[in-house]
Amino acid sequence: MSARSNKPHEIVERALELSRADGCVVIADEQSTANLRWAGNALTTNGVTRGRTLTVVATVGGKQGTASGVVSRAAVTADELEPLVRAAEAAARGAGPAEDAQALVAGVPESPDFKDAPAETSSAVFADFAPALGEAFARARAGGRELYGFANHELVSSYVGTSTGLRLRHDQPNGTLELNAKSPDRTRSAWAGRSTRDFKDVDPAALDAELAVRLGWAQRRIELPAGRYETLLPPTAVADLLIYQMWSASARDAAEGRTVFSKPGGGTRIGEKLTELPLTLRSDPNEPGLEASPFLLAHSSGDDQSVFDNGLPLSATEWIREGELNRLITSRHTAGLTGLPVSPAIGNIVLDGGEDKSLEEMVANTERGLLLTCLWYIREVDPATLLLTGLTRDGVYLVENGEVSGEVNNFRFNESPVSLLGRAVEAGRTEKTLPREWSDWFTRAAMPALRVPDFNMSSVSQGV
Amino acid sequence: MPHEVDQSFLALPLRALADAALARARALGAEHADFRFERVRSASWRLRDAKPSGSSDTTDLGYAVRVVHGGTWGFASGVDLSMDAAAKVASQAVAMAKLSAQVIKAAGSDERVELAGEPVHADRTWVSSYEIDPFTVPDEEKAGLLAEWSARLLAANGVNHVDASLLTVHENKFYADTAGTVTTQQRVRLHPQFTAVSVDESSGEFDSMRTIAPPVGRGWEYLTGQGWDWDSELEQIPELLAEKMRAPSVEAGLYDLVVDPSNLWLTIHESIGHATELDRALGYEAAYAGTSFATFDQLGKLRYGSELMNVTGDRTAEHGLATIGYDDEGVAGQSWDLVKDGTLVGYQLDRRIAKLTGFERSNGCAYADSPGHVPVQRMANVSLRPDPGGLATEDLIGGVDRGIYVVGDRSWSIDMQRYNFQFTGQRFFRIENGRIIGQLRDVAYQATTTDFWGSMAAVGGPQTYVLGGAFNCGKAQPGQVAAVSHGCPSALFKGVNILNTTQEAGR
């Protein structure tokens, strides 16, 4: 193989040329990552990686319908290209008719950078950050704090070609910084996180200073029992709850009567008012600072996504519009099944429509309530209500007369995001946030803080 | 007869790349270097209502070099199968170690990475115990069986929808280090699942019932009669679901629980498996997976549970998902005690943590889920030992006046120090005066780890023992998934707090 043919767009073209199937989609993902991890004011593990995964989707027509086969391989060499294409074709022939079969997408203009080399990250992304982190360790050590955390940067350049003529490319940077400060006896713990595209907008010293304040709040400890409390959920907690809600927003499942968005008697709850607050939950590939793929990328079919939809243009979608359920997630196939508009999932989530108030202002307006830092270990308990359980983590603070008066023990909660939206009495200013629980899978979110008058703290957790 | 390692894996330039990488790392002054080449093929099939709704077949292939250089870790991985590229990856790993050293220096830390010793295992091969590699079974046969079984469930009264899935994995690893250990291994595992859903359209109520067949380190023979009676389980699902739909909502309060192995494995995983990972207990996962209440200073002292509680860690159980010949640091698979007569007596270790805490040898728990990830301490098969003369499950139930028999796992959540947990299940049977009198709905059990294990009043006999487990245990940053098994008997727990989940939802 010549060096030239290692270019991703040429590999895509070559795989398409090799195809003998009725239809073919080829996705080349060029991925690079760099990460640093630390514990107790010292770096622990680290790494840089570079890889390519080629995914071939073959579609084969038959008497009973069109079947699809999907095969992905990392580190594909020239010799392996043809076997890979044949394997996808064999998989398609071995599968029954795919229920999500549709004509492959056509007529989308070629991405201008389709023939360009992939974008790449490396340890150089931490050139300024790493020394600043080292200084933060030194300051933390001097201040009696232990820092734990993780900085990760990834870049994926995805090249998509189809037998229907699409030639598309999307570069997705994805950076996360999590900083956790603990007292040396580990009885106090505080957390801050950021999502970033390039690590130029994150400052370890500033985050460490923020955590020092919170560890200071925790010097006064207040034990509270389980119960329902007025609670301020910060943006990260709201994001984690609403991301799970979005993952549970399949139109097909709702139409089949098996989710919180099913309507008794049949159909879905689209059109129903979920909250009296004028909140809009939306996704937009062009959201500033949270840019996500403007076309659909599906490496396999699933409940709400279809490999046949690869390349489908994505546009701004309002899932909840001014409090009213407006869209559920569909592929072209499930849109047809349910009679609902085509509205695939998009790689970011934004809740807005709250008042122009910071979390600090919301604290100042609180007579007595709990201020959370973030949520953890969120799992579904009952799909009928979308009841979720989980823990508070790294700081539950008691607010009295507009000020933090001390730190409270952690709690296990049992709550449904759908119910919370209905009970929230105040939403603050929307800001970019890192969803702590789901950041391995979903990092691009902007949320307001929410005030809930009766958040269900089901039991006390001794965990710190 | 045991299988041999696939020729297609052995034909890769494993040794040449290892030699190039290890030579470069040595030349650049690394105290230790290891080279790991992996090929992991994972395939999945999903069906909705007996029709194919998605499939994937993904092969990850590549290699990694990990070094200890100047007392600091460095790690890098690559995919280009040339000796030059392997040497370059080794250089990158050393460069990462140097970058780390700068940060460590700036922080004024004096912590150095050192590894516990391990005998050299020169040129060893190990293959897991299975009969038929699922990847040699034609796709038509796999999809056909899933469709037939789905259709069987779908045809039953009261079943409106059926979800089916099958995950299969074939994993090859080659490992070589500067001490001279060279291992080549192959493992196979799979996980079939079927869920029947019932919807009462008029009331809007719905519920589901899932098979409780565990994921296993076996081959396709698991679906054709070895290790599980699928016909029997599939036959029971519709009636169990119908009974659940009619069942009354549980009254919240304290109950005695007889917990079936199909549910108890997950409670063991969360409240013992993760809590006895020494890297967690020391704080290395503090910002992510969390720490442990079972801190190192309590080794040999902590009262974990009742005297009936004996828990082992092992990487040797046949068909276990964490079973290996050698771990990802070249340490041979072992078996050891974690909890003995109710007291904490051991931890899960890797070589660095073992050395740091004064153990002579690692017990072989290092694992990386892919060539692009660094090995971390991951869970062994952590299992509750049955009582050699213990009762059958029905006899455990027979001794309960007012209680619940819990079968199958569903929802799980536990705090970052592994104290407070909450679990649901597939089916909850009400026990009155030693007899089962139908199912209950909306049940969750919630407890603190040491209270729960302290309340264990009887452990079932070997006849109740089942090796359960999961494919999707998560840990570390960047996130890694690992498959792990947990064997356990049925067991009786006294006075456990039961929640009603509709009340929890405020309805």
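User: How are the axes behind a helix crossing drawn, and at what angle do H2 and H3 of chain B cross?
Analyst: Axes are lines fitted to C-alpha atoms, for helices over the stretch in contact, and angles run from 0 to 180 degrees between N-to-C directions. The model here is predicted. In chain B, helix H2 covers residues 14-27 and helix H3 covers residues 83-107. Their axes come within 8 Å and cross at roughly 35 degrees.

User: Is the crossing of H2(B) and H3(B) left-handed or right-handed, and how do the residues of the contact divide?
Analyst: H2(B) and H3(B) make a right-handed crossing. From H2(B), the contact includes B:Ala16, B:Leu17 and B:Arg24. From H3(B), B:Met83, B:Lys88 and B:Ser91 are among the residues that take part. The residues of this contact divide into nine nonpolar, one polar and two charged.

User: How many disulfides are there over all chains?
Analyst: A disulfide is a covalent bond between the sulfur atoms of two cysteines. The cut-off for such a pair of sulfur atoms is 2.5 Å. Over all chains, the count is zero.

User: Which cysteine sulfur is nearest to that of B:Cys365, and how far away is it?
Analyst: B:Cys365 is buried, at a relative accessible area of 0%. B:Cys365 is in no disulfide. The nearest cysteine sulfur belongs to B:Cys473, 12 Å away.

User: Which peptide bond is cis, with omega near 0 degrees, and where does B:Pro478 lie?
Analyst: Most peptide bonds are trans. The bond from B:Gln477 to B:Pro478 is cis, with omega near 0 degrees. B:Pro478 lies in the chain B loop between strand S20 (466-475) and strand S21 (480-488).

User: What is the phi of B:Ala50, and is the residue buried or partly exposed?
Analyst: Most residues other than glycine have a negative phi. B:Ala50 is not a glycine, yet its phi is positive, about 70 degrees. B:Ala50 sits in the loop between strand S1 (32-48) and strand S2 (51-69) of chain B. With a relative accessible area of 21%, B:Ala50 is partly exposed.

User: Where does B:Arg418 lie, and is B:Arg418 buried or exposed?
Analyst: B:Arg418 has a positive phi of about 70 degrees, although it is not a glycine. The loop that holds B:Arg418 runs between strand S15 (402-414) and strand S16 (420-432) of chain B. Buried means under 20% relative accessible area. At 2%, B:Arg418 is therefore buried.

Methods: Residues numbered from 1 in each chain as written. Chains lettered and ligands numbered in written order. Predicted model: local features only at pLDDT ≥ 70, side-chain atom pairs only at ≥ 80, totals over all residues. Heavy atoms only, no water. Buried < 20%, exposed > 50% of the residue type's maximum accessible area, 1.4 Å probe, protein only. Helix = DSSP H or I, 4+ residues; strand = E, 2+ residues; numbered from the N terminus. Left-handed = near helix turned anticlockwise from the far one by under 90°. Contact = heavy atoms within 4.5 Å. Nonpolar A, V, L, I, M, F, W, Y, C, P; charged D, E, K, R; others polar.
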